[in-house]
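Biologist: Could you walk me through this protein with a few questions and answers? I am new to reading structures.

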Amino acid sequence: MSAQSIEWDPVLVDGLREMGNIGAAHATTALSALINKDIVVEVSEHYVCETHQLPEVIEDPEQLMVGVFLETHGTGKGGIMLLFSQDMTTTLVDLMLSRPHEVRELDEMDRDAICEVGNICASAYLNAVAKFCGVTLLPSPPGVAVDMLHAILEYPAALAESEADDLMVIRTQFVFDRSVCSGFMLYLPDRDTIKVLSDKFRSV
């Protein structure tokens, strides 16, 4: 389905930057409290890309990643995804469960635990964004996938592609343990939500 490109203007850019910083700060606080370790937000940035370009603008598409995805409902629709390397995932799970870290492939307990991590972080992010923008953002139950990055991103790209050829990505990079491990949070508002946010920013 073809659609017009997302309109880009300075008011929207500034508003999204502020919104992303607030959401990321709340998500980071929630994650740090969960694992009792400091997490640093290194970068919060946003850009528009065509749906098929989504993996390339995030990281190496062939990289093995763990993704936790939640759809958002309410006034604002879209999706939010946390992406971690497999080692960072097991590290976070071991910290959360207060047990020594060991390098391993994810088991069922790891998957359940990282879903909980994703749920808490995404909810904190969305609550902060909703309060800042005066909109309703309700997260769905989280789902987890372990695969190449391009495969993990096929689902959110397909959701976006159902209404437009391009999408907006608000990316936050987490840095943990002095850059040994890192992860990303992607907020993917749909086209109607971008319009709502743009109107909100202009009314301030």
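Biologist: How many of the 11 residues of H3 are buried?

Modeller: Keep in mind that this is a predicted model. Buried here means under 20% relative accessible area. Residues of H3 that pass this test include Met-88, Leu-92 and Asp-94. H3 is mostly covered, and its count of buried residues is 9.

Biologist: Which residues are linked with Asp-110 in a network of salt bridges?

Modeller: Let's start with the pairs. Arg-99, in the loop between H3 and H4, forms a salt bridge with Asp-110, with the closest N and O atoms 3.2 Å apart. Arg-104 also forms a salt bridge with Asp-110, at 2.8 Å between the closest N and O atoms. The network links Asp-110 with Asp-94, Arg-99 and Arg-104.

Biologist: Is Asp-110 buried or exposed?

Modeller: Its relative accessible area is 0%, and the cut-off for buried is under 20%. Therefore Asp-110 counts as buried.

Biologist: About how many helical turns separate Lys-195 and Asp-199?

Modeller: These two form a salt bridge, with the closest N and O atoms 2.9 Å apart. An α-helix has 3.6 residues a turn, so residues three or four places apart point the same way. Because Lys-195 and Asp-199 are 4 residues apart in helix H7, their separation is about one helical turn.

Key: Residues numbered from 1 in each chain as written. Predicted model: local features only at pLDDT ≥ 70, side-chain atom pairs only at ≥ 80, totals over all residues. Heavy atoms only, no water. Buried < 20%, exposed > 50% of the residue type's maximum accessible area, 1.4 Å probe, protein only. Helix = DSSP H or I, 4+ residues; strand = E, 2+ residues; numbered from the N terminus. Salt bridge = Lys/Arg side-chain N within 4 Å of Asp/Glu carboxyl O.
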